[in-house]
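Thanks for coming. Please have the structure on your screens.

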Amino acid sequence: MTTYKTEFQHSIDHPESFWAEQARRIPWFTPPTTILEYDEQRHARWFVDGELNICHAALDHHVEQGRGEQPALFWDSPVTASKRTLTYRELRDDVARFAGALKGLGVEKGDRVVIYMPMVPEALMAMYACARLGAVHSVVFGGFAPHELAVRIDDAKPKVVVAASCGIEVDRVIPYKPILDDAIAQSAHQPDACVILQREQQPAPLGERDHDWATLVTEAEPAECVPVKGSDPLYVLYTSGTTGKPKGVVRDTGGYAVALHYSMETIYDVAPGEVFFSASDVGWVVGHSYIVYAPLLRGCTTVVYEGKPVKTPDAGAFWRLISEYRVKSFFTAPTAFRAIKKEDPDGKLLAQYDVSCLKALFLAGERLDPPTFHWLDDLLDVPVIDHWWQTETGWPIAANLHGLEPMPTKAGSATVPVPGFDVQILDREGERAEAMEQGSVVIKQPLPPGCLTGIWGDPQRFHSAYMAAFPGYYLTGDGGYFDEDGYLFIMGRTDDVINIAGHRLSTGEMEEVVGAHPAVAECAVIGIHDALKGQVPVGLVIPKDGFEGREADLESELIALVREKIGPIACFKQVLVVDRLPKTRSGKILRKLLRNIADGKEYGVPSTIDDPASLQDVHEAMKDRSVGAAHEARQV
Ligand code: COA
Ligand code: AMP
């Protein structure tokens with residue numbers, strides 16, 4: 001670990017000189033002279049007085065440096081039987097023209113633009129076009145329902161919304177335009193205009209405020225890059241917190257560009273001209289960082305995949321893509337490989353492709369469970385690397401630093417903290433835990449470049465969610481421990497956030513929806529283990545006195561309600577009507593106890609993904625009237 005240890009220690013002892021050196025590796029219009037300063041909450045801000053434009057750094061700069069004819073992106077869409085390659089020059093020109101179109105609609109530096117699009121090249125163009133103008137984009141994942149989109153529109157207050165007419169889920173066309181219209185009807189804030197990318201699978205009728213993407217672009221003049229400050233916001237990305245209102249994570253421009261560039265070399269080990277493939281979605285942080293920005297900042301080619309790991313057409317989809325585009329470094333969520341393993345347990349489909357180009361496989365979004373790790377490790381001749389991060393940090397907090405000093409892997413561990421992240425484990429009293437002792441995983445300030453600068457429009461929530469628990473530290477919301485060798489093990493969330501198929505969702509938000517049903521007296525939503533998706537939510541519901549309907553009907557109504565309000569991505573498909581929920585003496589539902597029951601920490605319900613807790617066990621435990629009382633006795 002010598003190289004790693006030296007680099008890590010330098011980043012912690014001398015953060016300013018460490019990151020000043022990294023900052024010199026990206027193109028600035030005006031290089032920063034102030035490297036690090038702190039805001040009023042003692043939270044780090046990086047490169048505040050530098051001036052740059054991330055679209056320039058990722059596109060124009062490479063064209064100027066002679067990469068104009070290199071592919072910038074390969075788009076592969078088995079669901080529409082389409083493929084497309086765009087060179088750096090073509091992408092730069094398309095982005096400049098779309099930026100001109102947005103400018104024509106009045107979008108200026110600092111304005112917000114909401115983007116609601118599937119995995120098409122135009123989604124990346126829209127994001128880069130915003131960046132080019134210094135506007136702040138906010139991408140909303142396609143699997144969210146109108147209400148969720150409305151909440152984000154009301155919070156971000158966009159001048160313009162950019163959407164596609166439809167998305168495609170395997171063989172189903174999902175009309176996006178009616179979802180957008182419904183969301184705008186529900187939101188108090190009204191955007192000035194909507195730009196609609198018409199897809200031939202289902203074009204949408206356009207209303208008064210709508211503009212057709214193709215027409216707008218034909219009429220537009222290309223726009224130049226607008227210089228922004230290092231600390232100016234690039235985007236707001238909403239993520240689930242513990243309440244019904246999502247948190248708008250704000251990302252700056254300069255720190256993000258520097259951190260992503262550093263990670264491409266140090267963690268992912270990819271050089272300019274090589275191909276990087278991240279099978280995520282532009283609606284998630286992984287998509288923002290490792291489909292859209294990082295590969296192009298580094299002069300690589302990014303693969304944009306509109307399809308699933310399975311069924312498009314089969315479980316060999318990823319192997320085909322890796323082979324066809326000569327991918328060097330591949331990144332996805334463990335759940336995707338659990339889906340592949342289910343369909344092709346012996347890896348027969350892998351044998352059909354030449355994947356000798358692949359040098360490493362990276363997994364994140366949820367814990368890499370040991371069975372999936374071992375399956376992949378046996379199947380592939382390349383390192384299988386679990387790395388841990390969050391929407392808030394924007395890039396990995398802990399990883400096996402493949403480009404710096406590869407280390408032996410331990411199943412279940414994300415290996416070691418990445419340089420810049422002073423990760424510590426604290427106990428309830430805020431004391432540092434010993435090796436092997438579990439506690440709250442925190443990061444000592446200053447957080448390195450690239451991490452969130454705040455919550456959009458809500459400094460108080462930023463403080464209470466991340467900074468208040470342990471002053472001087474950022475609270476990750478995860479629990480975990482270091483082993484004797486300094487390897488970090490992340491054991492799961494300590495709050496009401498759950499991880500479904502690599503997607504982060506809030507049980508608190510689902511409870512708000514379920515609790516609003518007129519027949520529901522009380523409810524709790526918990527995550528239980530699922531062999532494919534890691535976790536899925538289950539609603540535990542007590543009907544109001546006098547409820548005379550059929551329980552099965554109530555269950556169906558609640559499932560439909562969550563799908564309507566939050567979206568299909570919540571995977572809310574199980575409701576149990578129960579007699580009671582364990583409570584404290586003062587009447588508060590013991591959520592932690594419920595989580596423990598589901599996790600098997602109470603009543604010995606099995607807790608591994610391979611041996612999932614059955615709903616019956618949870619149900620039985622709910623019926624047991626002694627549960628709450630026994631727990632309370634222990635608390636007292
Ligand atoms: N637009 C509209 N609907 C969407 C959607 C989108 N972009 N994405 C998902 N949905 C829908 C699905 O069609 C499904 O609907 P259904 O209930 O009608 O079947 C529902 O939301 C749940 O989707 P999902 O949990 O993704 O289940 P799935 O069975 O379609 O796919 C996996 C399962 C594991 C293959 C898939 O979740 C996957 O590839 N996950 C990897 C996630 C990832 O990359 N995360 C990023 C972090 S690295
Ligand atoms: P998101 O913000 O959607 O990226 O989700 C972040 C959360 O996912 C983290 O707080 C963790 O709980 C979980 N997570 C992500 N990557 C990992 C990993 N490699 N190991 C364990 N948990 C992870």
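Let me start with helix α5, residues 121-133, and helix α10, residues 285-297, which pack at an angle of about 60° with their axes 11 Å apart. The axes here are lines fitted to C-alpha atoms, for helices over the stretch in contact, and angles run from 0 to 180 degrees between N-to-C directions. Helices (H or I, at least four residues) and strands (E, at least two) are DSSP runs, numbered from the N terminus. The angle makes α5 oblique to α10; under 35 degrees counts as roughly parallel, over 145 as roughly antiparallel, 65 to 115 as roughly perpendicular, and the rest as oblique.

Before going on, the provenance. This is a predicted model, where local features need pLDDT of at least 70 and side-chain atom pairs count only at pLDDT 80 or more, while totals for chains, interfaces and linings use all residues. Residues are numbered from 1 along each chain as its sequence is written, chains are lettered from A and ligands numbered from 1 in the order in which they are written, and side-chain values use heavy atoms, with hydrogens and water left out.

Back to the first pair. On the α5 side, Leu124, Met127, Tyr128 and Ala131 meet His288, Ile291, Val292, Tyr293 and Leu296 in α10, contact meaning heavy atoms within 4.5 Å. Those residues divide into eight nonpolar, one polar and no charged. Ala, Val, Leu, Ile, Met, Phe, Trp, Tyr, Cys and Pro count as nonpolar, Asp, Glu, Lys and Arg as charged, and the others, Gly among them, as polar.

The second pair is α15, residues 507-515, with α16, residues 551-565: the angle is about 125° and the axes are 9 Å apart. That makes α15 oblique to α16. Met510, Val513 and Val514 of α15 make the contact with Leu558, Leu561, Val562 and Lys565 of α16.

Next, α13, residues 370-379. Which of its residues are buried? They are Thr372, Phe373, Trp375 and Leu376, where buried means under 20% relative accessible area, exposed over 50%, and partly exposed in between (1.4 Å probe, protein chains only). They cover an arc of only 165° around the axis, which puts them on the same side of α13. The buried residues pack against α12, β19 and β20.

Last, the loop residue. Leucine 105 sits in the loop between α4 and β6, and counts as buried at 17% relative accessibility. Leaving aside residues up to four places away in sequence, leucine 105 touches Val160, Ala193, Val195, His211 and Leu216.

Notes. Arc of directions from axis to C-beta.
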